[in-house]
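Thanks for coming. I will go through one structure this morning, part by part. Please have a look at it first.

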Amino acid sequence: MSLADDDPYLAQWNVVGKMIRRGSSFSGREGNCCFLNTGGTRFADVSAVTGLDQIDDGRAIALVDWDHDGDLDIWLGSRTGPRVRLMRNNLDTKNRFVQFKLQGNGVTCNRDAIGARLEIHLVSDGGVKSENRKLIKTLRAGEGFVSQSSKWVHFGLGPADSIERLVVKWPDGGTPEAGGESNVEAGNIETYRNLETNRRYSIIQGSGEAKLAGPTARNVTLTPTVPKVPAPSSKARVVLVKRLELPNLSYRDFDGQDHPLSPRNGPLLINLWASWCRPCLKELQEFGQHRTEFEKLGLQVVALCADGLTGEDKGNLDGTDLTAARNIAKRRGGQLQIGLASRGLVRQLTELSHQAVYQHRPLPLPVSFLVDRRGQLALIYKGPVDPEQLLRDLALLDAMPREIERAALPFPGRGSRHLFSDREIDKAIAFRDAGYPDDCQYELRIFLTSKLPQIRAGGGDLDDDARREVGQAYFLLATVEREQGRYPTAVKAYRNALQFLDDIPNARLALFKVLWRTKQRQLAQTELDEVMRRWPHSVQVATAIGQAWLELGQLDKAVEHLDRGVQIDPTNGPARFHLAVALQQQGKVGEALEHYDRLLLDSAVAIIARNNIAWIRSTHADARYRSAEVAVKLAEINARATAHRDPAKLDTLAAAYAEAGRFDRAVATAEKAIVLARASNQEQFTTDLKARLLLYLAKKPYREPAVRER
Amino acid sequence: MFGARCSTDSSTAVGSRQQPIVATLVLLTAIGCGACGRDDPGDPSTDSATTNTAAGDVGGPQHSVETTSSDRLPRIDPAAIGLDAQSSDPGAERDGWDSEAASAAVDAQLKSLGKLLAHPKTINAGQLEKLVTADVRCGPLRPAKLQTVMDDSSLIVRRWSKNDSDSLDPIKLHLGPRGFAEALAELVKPLASAGKIRTKFKVVRVEIAEETIRTSVVYQAAGLSKTAAAQQTARWQCEWRRDGGNKPRLESVTVVEYEEAISRSQRGVQFVDCTEAVLGANTSYQKQLIHGIGHWLGRIDYQRLNDNGAYQGLAIGDVNGDGLEDLYVLQPGGLPNRLFVQQADGTALDTSAAAGVDWWSHCHAALFVDLDNDGDQDLVIGTTHGLIFMANDGQGKFTTAASQLTPSGVVYSLCAADFDMDGDLDIYACCYTPAQEHIKGNLMARPMPFQDAQNGGRNVLFRNEQNWRFRDVTRQVGLDANNHRFSYAAAWEDYDNDGDLDLYVANDYGRNHLYENNGQGHFTDVAARAGVEDMATGMSVSWADYNRDGWMDLYVSNMWSSAGNRVMYQSRFLSDTDQSTLGVFRRYVRGNSLFSNTGAGTFTDVSLETGVTLGRWAWSSNFADINNDGWEDLIVTNGFITQEDTGDL
């Protein structure tokens with residue numbers, strides 16, 4: 001859904017935006033509100049009597065008992081100054097409170113215990129209605145708007161001075177041990193008694209007790225004041241991070257001669273002044289005094305009179321009487337270049353200043369623009385320029401970007417740009433990883449469109465990095481197209497990728513696979529031959545080819561290349577691993593086992609190897625290959641190695657237990673696997689697991705359908 | 001009002017041809033109007049609500065004081081150089097709504113009335129001559145038979161409603177200017193005994209007839225001193241006599257609702273501003289945080305700072321494990337975030353640079369959470385481009401451990417929970433604006449369609465995969481349903497008490513979401529079924545059991561607009577708009593929403609009867625039991641953009 005820029009609807013938004021940039025308020029000068037709950041049916045407006053009705057552009061609320069005096073203080077965040085306020089609660093009441101800090105076990109429950117539900121049960125006498133005995137709170141991290149409050153859970157208790165009990169429901173998923181008793185309910189809920197009111201307690205999960213927490217007696221005296229916000233000032237020194245090209249400008253001198261306004265062999269300061277503006281005149285005088293210094297540094301100062309442009313004077317830009325200005329210029333400016341600012345010139349400078357900063361305000365007087373020798377606007381001075389500052393700023397003109405950045409920001413700090421790639425390709429990768437192929441393609445298309453002219457020209461204009469980037473973009477595009485089953489476009493994109501990325505085999509092999517899948521066998525073979533021709537002795541390439549064949553279900557061809565890879569480098573893990581897989585699929589289990597055994601030395605793939613061994617040892621139809629003892633041992637190693645969270649590994653472990661006749665364990669383990677598989681939405685796998693679970697319940701082991709040895 | 005300027009004649013926009021875009025223009029107009037100077041007069045010197053900035057020293061509302069400055073410079077007149085100047089009175093043009101002009105006139109009269117109320121002892125009939133008719137009439141403005149709805153050691157609240165009141169209750173009638181003066185003096189008596197009086201009126205409904213104007217008015221007043229505090233809130237039906245070009249004069253006042261809250265404490269208002277006492281010693285407070293964002297928008301390169309909204313948040317956490325809570329303040333582009341570490345005496349010191357958290361990359365929100373379960377508070381920060389995950393060394397020093405691009409939008413609110421109960425915390429990030437919009441520097445979004453926009457950024461759930469790896473699992477867990485909205489805020493809660501955490505997401509310009517967790521970490525949006533779509537301008541989410549029935553209730557902030565209300569209830573608007581569109585629009589301008597959890601998977605909208613809609617242009621709006629009575633109260637921050645030009649859009 002998109003609308004043209006001239007759409008009346010968008011135009012309205014644009015007008016609003018423009019007016020705000022020029023200084024309009026928009027629903028401003030509103031006081032914060034506070035509503036008091038008067039017994040669960042209605043709220044009363046207490047904005048004023050609480051003192052919370054500041055006229056701020058309020059944004060954030062963070063609640064915390066900052067001073068530990070038993071009531072909630074409020075940190076407020078605002079758009080207006082001061083940007084933060086601590087509103088200290090001076091609550092004067094007989095009401096009681098209790099506060100808790102929770103700590104989860106950090107294994108099955110997050111250490112902060114975020115998500116814990118706390119229930120206070122009050123004793124029902126003491127003025128508390130029986131239906132209101134229970135108070136509940138949840139420990140949260142992040143709520144309201146852009147705000148996070150304290151992790152101390154604060155309960156107001158009213159006049160009640162005794163607590164019957166506290167119940168904590170920990171956000172705990174239970175023990176991860178497969179087959180172990182996971183009585184989630186019982187383990188997650190703890191009850192605490194003997195709690196006193198007006199106390200702070202810390203509770204560690206499983207400890208069974210609430211401990212009094214310190215510091216207990218804090219004597220915090222903070223004197224309330226009304227923050228003094230400085231009045232707005234028009235003075236500013238703006239250092240541009242990104243310099244702006246000065247447009248073609250010119251001015252007229254007092255003798256009516258026109259001059260171009262652009263740097264000559266050095267930096268240029270364009271200054272606007274008016275004859276009636278006192279700070280301007282003082283500034284002019286100072287410029288005159290520093291003239292030699294400026295000249296030495298090559299700085300050219302052009303001071304232009306803007307009489308008649310401010311609306312404050314009746315002055316006459318049209319040149320009837322500039323005597324005053326001319327006299328002042330002579331007296332104060334000495335030998336400075338002096339002239340007249342035209343409406344057009346001031347408009348151009350104003351518009352330039354609007355590109356430099358967000359605010360679109362009228363320019364003040366005096367105002368100066370420092371332009372570097374290349375004709376780029378580098379600094380704007382609103383208000384008088386301090387000549388010493390100007391001299392320092394000249395050094396900035398040729399500084400490194402980092403130094404300019406530092407000077408451009410009012411306070412030191414750190415940028416995060418280096419943490420976040422702004423390349424469309426990286427965004428595309430992020431989108432693909434998260435499962436958004438359309439957005440991935442969108443980013444890639446933006447990138448490729450931006451490079452289209454060079455791409456059309458064959459890429460000759462691109463440097464190596466840029467070539468690689470274009471190639472990667474096409475490669476990713478092709479991958480996504482292939483994953484979406486759009487093979488013809490995928491092929492096209494692979495071919496484009498190869499134009500820019502011909503020094504890696506992956507793209508060509510990917511193309512080969514798609515061609516093969518789409519029955520273009522001859523074209524596929526051509527690509528494969530090309531890969532073989534280029535990389536005849538690479539174990540990686542041999543492995544990649546073998547894998548490709550494996551994916552395509554061509555086991556003999558896969559074995560051929562993988563075997564070749566293993567011959568090239570017998571220590572290469574991936575080559576041997578895939579070879580073993582291919583052999584296993586071929587039914588050559590004996591050979592596969594030999595390779596897997598070798599692989600056990602290689603921990604990177606050992607888990608998969610152990611799993612597949614355990615699976616064969618548990619489930620093979622041929623009793624010769626089965627060994628319950630080995631299977632259980634390896635499957636248990638694997639289950640531990642994957643923290644009992646990988647349903648596939650638990651599936652194998654269950655099968656091994658079943659093969660060992662330990663059906664109770666098999667059932668428990670399979671159940672756990674089902675939960676995990678379902679949670680990760682593996683529907684087919686869940687169905688398979690359920691089928692096996694039924695076998696184990698019937699005290700039968702699982703048998704893999706036989707694959708005839710080929 | 002800007003509707004008038006942008007569409008040639010918005011009265012045509014309210015025509016019976018209800019093209020979606022036309023409807024949208026009307027709505028946009030209404031929202032804009034809601035912000036008009038009529039609600040909150042821009043000139044602080046004449047606004048009775050803001051005149052007593054000095055109230056700060058009597059313990060009153062702590063409005064900031066601007067110090068005087070000689071830094072004002074003359075400005076070049078944009079008109080003189082051919083740039084179109086800004087209208088000095090944006091309220092001058094109204095959308096052809098006579099009623100809005102009437103409302104403005106009434107507003108001016110009410111303001112004069114407010115000034116009289118500030119000095120109750122001197123109110124007399126003569127002063128009222130220009131404000132009321134000779135036969136003005138009203139009952140007691142402070143009803144005699146008030147019901148005490150709350151009375152504890154800190155506060156007493158009394159209420160009266162026309163609907164509940166006994167009709168046999170004899171009402172004393174006040175007649176004529178003299179009688180009216182009496183009624184006014186009696187009204188503010190409880191305030192006068194508390195302290196200095198300030199008042200404020202809002203016109204929320206207006207109806208004009210040949211000779212009269214009927215308005216529904218919200219009256220707010222307070223009397224504050226160092227030792228006492230009292231306030232009144234009432235709703236009045238006012239009838240005004242129109243008198244040609246003259247100002248309308250008040251003919252009658254009928255009190256519909258009345259409420260007063262009177263502090264029992266000798267300490268004045270309950271909350272006092274201790275900002276300077278805590279932060280004042282830090283240069284970063286004096287030089288940086290004391291200024292509103294307006295100060296910086298003309299000083300920092302647009303490349304670094306291009307957002308006037310200042311949607312920056314706060315995070316509380318104990319960064320060094322000393323048992324004292326610390327504060328992290330997020331900052332707009334070009335200004336470094338600030339970490340203040342609390343000292344034993346309650347003051348706080350800026351350690352941002354040494355702690356390694358002084359990012360200036362336009363951050364909106366951050367959370368202190370233990371991401372690696374090692375017992376200290378780590379930090380996750382949302383920036384324009386993505387999330388930064390920082391590991392705490394236990395002493396309050398942080399190092400960047402991971403970063404995660406969020407190409408689908410600019411991050412606003414963050415909330416953490418272990419949604420899959422695997423023992424570590426996962427992070428949900430609201431991504432309001434599509435990233436491209438922010439880069440363009442558009443202050444506001446361009447929602448389409450306005451009332452049900454689906455062109456926002458896409459929110460992301462990052463699953464903690466341990467060892468500082470985080471993976472975008474949004475789509476995988478079902479949270480990508482309806483995930484193209486302008487999401488400002490979200491919060492986790494077990495709304496159905498089934499032991500897992502569900503997620504509520506507040507969206508600007510449209511429907512909100514309630515994602516129910518199936519216990520396996522997979523989510524389904526059940527907002528419509530549960531009755532919490534709250535189709536309006538969602539800004540904030542807060543959960544609490546406000547009625548103590550054992551089920552978590554929901555408070556969502558929106559924009560309340562008095563002008564929006566006025567326009568939406570106009571008979572003319574009524575006749576020109578079909579019922580369903582009207583329903584949508586009225587709902588849009590209603591304000592904040594409170595949803596009471598029924599315990600059966602649904603919620604009841606109790607916003608109006610509980611009296612919590614009028615939060616104005618609301619942002620963070622949180623439940624908090626501020627008086628320790630065991631009942632959850634509400635705090636609502638609000639206000640959009642206050643700038644030096646007092647003409648409010």
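Start with B:Ala490. Setting aside its neighbours within four places in sequence, B:Ala490 is in contact with B:Ser413, B:Cys415, B:Tyr428, B:Cys430, B:Leu503, B:Tyr504, B:Val505, B:Ala506 and B:Val541. In contact means that the C-beta atoms of two residues, placed from the backbone, lie within 7 Å.

Before going on, a word on the source. This is a predicted model, where local features need pLDDT of at least 70 and side-chain atom pairs count only at pLDDT 80 or more, while totals for chains, interfaces and linings use all residues. Residues are numbered from 1 along each chain as its sequence is written, and chains are lettered from A and ligands numbered from 1 in the order in which they are written.

Now the core. B:Ala490 is among the residues with the most contacts inside the largest nonpolar core, together with A:Ala306, A:Tyr494 and B:Val380, and that core has 382 residues. A nonpolar core here is a set of buried Ala, Val, Leu, Ile, Met, Phe, Trp, Tyr and Cys residues joined through C-beta atoms within 7 Å. Buried means that 20 or more other C-beta atoms lie within 10 Å of a residue's own; exposed is 12 or fewer, partly exposed is in between, and C-beta atoms are placed from the backbone.

Next, where the chains meet. 181 residues of chain A are in contact with 200 residues of chain B. On the chain A side, helix α1 (residues 8-21) gives the most, with 11 residues. Helices (H or I, at least four residues) and strands (E, at least two) are DSSP runs, numbered from the N terminus.

Strands also pair across the two chains: β6 (residues 84-89) of chain A and β10 (residues 271-273) of chain B are antiparallel over three bridges. Pairing requires that DSSP finds at least two bridges between two strands. In this pair, A:Met87 stands opposite B:Asp273.

Within chain B there is an open sheet of four strands, in the order β15-β16-β17-β18, with antiparallel pairing. Which strands stand at the edges? They are β15 (366-369) and β18 (398-405), each with a single partner strand, so one side of each has no neighbour in the sheet. Strand β17 (residues 386-392) pairs with β18(B) over seven bridges, and B:Phe389 has B:Ala402 as its bridge partner.

Last, strand β31 (residues 618-624) of chain B: seven of its seven residues are buried. Five bridges join β31(B) to the antiparallel strand β32 (residues 633-638), with B:Ser621 opposite B:Val636.
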